[in-house]
Amino acid sequence: MSKSDNFIIYGRNPVEEALKNRPQEVNKIYIKNNLKPSAYFDINKLAEDYEVPLVKVPGSKIFNMVGKMNDQGILAQISATKYTDFYEWVETLVLSQNPAVLLLNGIEDPHNFGAILRSAAASGMEAVIIPMQNQAPVNATVYKTSAGTAGKIPIIRVHDLNQAFKDLKMTGFSIAALDGSAQKTVWEADLEKPTAFLIGSEGEGIQSDVLKRCDSILKIPMHNDVESLNASVSAALISYEWLRRKQG
């Protein structure tokens with residue numbers, strides 16, 4: 001594997017989550033040499049359990065690797081993300097349980113992407129589906145913002161939205177877009193079926209031709225002349241509304 005196939009994640013929690021959830025993709029751990037052993041005790045134990053090399057390095061080495069970041073003196077070199085195959089993922093689903101996924105459209109900000117992954121994992125979404133174009137890849141920023149949950153939920157990468165729509169509908173999913181132009185709110189939506197929630201970028205939203213191909217369009221109620229919410233906030237709200245209904 002070439003150096004370009006790897007990326008560096010930083011911080012105690014992201015590194016520990018990576019070791020817990022995808023140890024086979026952790027190539028090496030770097031610890032600042034003046035860090036107290038108690039600060040990385042669990043990481044050291046996990047590294048020993050999974051036979052991941054752990055090396056102590058000077059602070060200058062840490063800085064050269066990630067720059068001025070809140071790294072807590074702990075880094076890990078991670079193999080490039082292995083995206084889940086759509087058809088293999090479908091085989092694991094129980095459609096009668098009305099699973100839900102997030103389908104992203106134009107989420108190019110890695111902080112937004114990471115926050116969306118965190119909400120999706122926490123709320124029990126079955127997967128996050130992303131297109132190859134106009135989409136932030138899984139990198140160190142995404143991993144850090146997701147608090148390590150990028151390894152806890154399948155991330156499915158498809159060629160484009162056309163492919164995603166075709167594959168999801170063929171599988172039995174209904175596609176519901178979140179858009180401020182909708183007449184129906186998320187509180188009124190029928191979620192008693194397999195559903196893919198389409199989340200657009202905060203700036204451009206979802207194109208009109210894409211909206212026409214969705215099975216439904218939903219809006220989040222707004223007050224005080226607020227026009228829109230951050231994409232990650234919208235994703236969190238619909239994810240937890242789905243979970244609330246599922247548990248109710």
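The 14 residues of helix α5 should span 20 Å at 1.5 Å a residue, and the end C-alpha atoms of α5 are 20 Å apart, which agrees. The expected span is 1.5 Å times one less than the number of residues. Helices (H or I, at least four residues) and strands (E, at least two) are DSSP runs, numbered from the N terminus. The model is predicted: local features need pLDDT of at least 70, side-chain atom pairs count only at pLDDT 80 or more, and totals for chains, interfaces and linings use all residues. Residues are numbered from 1 along each chain as its sequence is written, and side-chain values use heavy atoms, with hydrogens and water left out.

Helix α5 covers residues 110-123 and includes S119. S119 counts as buried because its relative accessibility is 14%. Buried means under 20% relative accessible area, exposed over 50%, and partly exposed in between (1.4 Å probe, protein chains only). The buried residues of α5 are N112, F113, G114, I116, L117, S119, A120 and S123. They pack against β5 (100-105), β6 (127-131), α6 (140-145), β7 (155-158) and α9. Leaving aside residues up to four places away in sequence, S119 touches A236, S239 and Y240. Contact here means heavy atoms within 4.5 Å.

The whole structure holds three aromatic pairs. One is F86 with W89, a tilted pair at 5.6 Å centre to centre and 55° between the planes. Rings of Phe, Tyr and Trp (its six-membered ring) pair if their centres lie within 6.5 Å; planes under 30 degrees apart count as stacked, over 60 as edge-to-face and the rest as tilted. F86 and W89 are both buried. Both lie in helix α4 (residues 86-90), three residues apart, about one turn of the helix. F86, Y87, W89 and F173 form one aromatic cluster.
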